[in-house]
Amino acid sequence: METIKCVIIDDENNCLEMMEWLLKMYAPTVSIAAMCNSAEKGITAIHAHRPDVVFLDIEMPRMNGFDMLEQFDKLFFDVVFTTAYDKFAIKAFKYSALNYLLKPVDPDDLKETVRRIEDKKTVPSREQIDLLFQSMRQMKPTPMRIALTTADGLIFVTTQDIIYCEAESNYTSVVLSGGKKIVVSKVLKDIDEALNGPDFFRVHNSYLINLNRIKKFVRGDGGYLVMDNDMSITISRSRRQEFMDMFARF
């Protein structure tokens with residue numbers, strides 16, 4: 001199996017040592033080229049070793065992880081952000097479709113992240129990084145844009161344009177205003193977690209809807225919704241009361 005060369009950047013030496021141990025124990029395909037305790041040293045190491053991936057701490061003195069990435073005109077390496085941020089900040093990573101590991105790092109999360117890197121073999125786009133920066137600065141429960149992972153790459157959409165998402169086996173169809181449908185390489189549960197906020201609600205095992213896109217609620221036949229593209233969506237019995245409580249807001 002092809003070796004993945006990495007650089008680890010974290011201002012806390014114990015975090016560097018822990019990541020080194022985790023990689024050696026649980027990710028044998030990853031080779032550590034350098035470990036750096038500052039962003040400045042990290043930049044030098046990245047240019048010297050040309051790694052495939054950088055495990056990058058966000059909060060560092062003098063120059064944080066975001067500022068460090070700004071020093072590169074174009075990224076030639078993948079990035080895995082290591083962070084102790086709260087759930088709203090974590091959502092920003094999901095929206096931008098960038099890899100992250102929550103401290104303390106879980107071995108299973110590390111193995112899954114390395115597997116994605118092996119499968120993907122691409123580097124983050126500047127648009128992804130910019131989207132992450134914007135979302136982190138806003139720190140809102142529901143950022144305005146999301147990166148959708150498709151078979152061909154990434155598509156960036158405005159969340160308010162999403163009418164509903166429908167589960168299709170191991171994929172999800174994201175239906176937008178204007179009739180466009182995007183098939184996403186994620187299960188509906190992953191999309192639900194990313195869009196979790198005041199505007200989106202899981203009305204059925206197969207459907208996640210944008211509450212702002214409801215045109216009509218019909219009480220008969222157990223209750224169903226008519227979205228603003230005229231699609232009818234059934235509300236499951238187990239979610240009906242919770243939906244009614246939310247729907248009462250409007």
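Student: In which strand is Thr83 found?

Tutor: Please keep in mind that this is a predicted model. Thr83 belongs to strand E4, which covers residues 78-83.

Student: Is Thr83 buried or exposed?

Tutor: The relative accessible area decides this, and a residue under 20% is called buried. Thr83 has a relative accessibility of 3%, so this residue counts as buried.

Student: With which residues is Thr83 in contact, leaving aside its neighbours within four places in sequence?

Tutor: Thr83 is then in contact with Ile58, Ile90, Phe93, Leu101, Leu102 and Lys103.

Student: How should I read a nonpolar core, and which residues of the largest one touch the most other members?

Tutor: The general idea is that nonpolar side chains tend to be buried together in soluble globular proteins. Here the largest nonpolar core has 27 residues, and those that touch the most other members are Ile9, Leu56, Met68, Leu69, Phe77 and Phe81. Several elements give two or more residues to this core, including strand E1 (4-9), strand E3 (53-57), helix H3 (65-69) and E4. The largest share, four residues, is that of H2. Apart from this core lies another of 17 residues, among them Leu16, Leu22, Val105 and Leu110.

Student: What does Leu56 contact, leaving aside its neighbours within four places in sequence?

Tutor: The contacts of Leu56 include Ile9, Met68, Leu69 and Phe81. Gly65, Val79, Val80 and Thr82 are also in contact with Leu56.

Student: How do I read a sheet, and what is the order of the strands in the open sheet of five?

Tutor: Strands of a sheet pair through backbone hydrogen bonds, and the pairing is either parallel or antiparallel. In the open sheet of five strands the order is E10-E9-E8-E12-E11, and the pairing is antiparallel. Strand E10 (181-184) and strand E11 (200-204) are at the edges; each has a single partner strand, so one side of each has no neighbour in the sheet. From one strand to the next, the twist averages 20°.

Student: How many bridges join strand E8 to strand E9?

Tutor: Strand E8 (residues 162-168) and strand E9 (residues 171-176) run antiparallel and are joined by six bridges. Cys165 has Val174 in E9 as its bridge partner, and Glu168 is partnered with Tyr171 in E9. The hairpin of E8 and E9 has two residues between the strands, and Ser169 takes a positive phi near 60° there. E8 is also joined to E12 by three bridges, again with the strands running antiparallel. In that pairing, Tyr164 stands opposite Ile209 in E12.

Student: Where does Asn205 lie, and is Asn205 buried or exposed?

Tutor: Asn205 lies in the loop between E11 and strand E12 (207-210). A residue over 50% relative accessible area is called exposed. With a value of 64%, Asn205 is therefore exposed. Leaving aside neighbours within four places in sequence, Asn205 is in contact with Ala167 and Leu188. The C-alpha atoms of Asn205 and Ile235 are separated by 9.4 Å, and these residues are 30 residues apart along the chain.

Student: How do I read one face of a helix, and which residues of helix H7 are buried?

Tutor: An α-helix has 3.6 residues a turn, so residues three or four places apart point the same way. In helix H7 (residues 188-195), the buried residues are Leu188, Ile191, Ala194 and Leu195. Seen down the axis of H7, these buried residues fall within an arc of 125°, so they line one face of the helix.

Student: Which strands form the open sheet of three?

Tutor: That sheet has the order E13-E14-E15, with antiparallel pairing. Strand E13 (214-218) and strand E15 (232-234) are the edge strands, and each pairs on one side only. On average, neighbouring strands of this sheet are turned by 25° against each other, direction ignored. E13 and strand E14 (residues 224-227) run antiparallel and are joined by four bridges. In this pairing, Val218 stands opposite Tyr224 in E14.

Methods: Residues numbered from 1 in each chain as written. Predicted model: local features only at pLDDT ≥ 70, side-chain atom pairs only at ≥ 80, totals over all residues. Heavy atoms only, no water. Pairing = 2+ DSSP bridges. Axes fitted to C-alpha atoms, helices over the stretch in contact; angles between N-to-C directions. Buried < 20%, exposed > 50% of the residue type's maximum accessible area, 1.4 Å probe, protein only. Contact = heavy atoms within 4.5 Å. Arc of directions from axis to C-beta. Core = buried A, V, L, I, M, F, W, Y, C linked by side-chain atoms within 4.5 Å.
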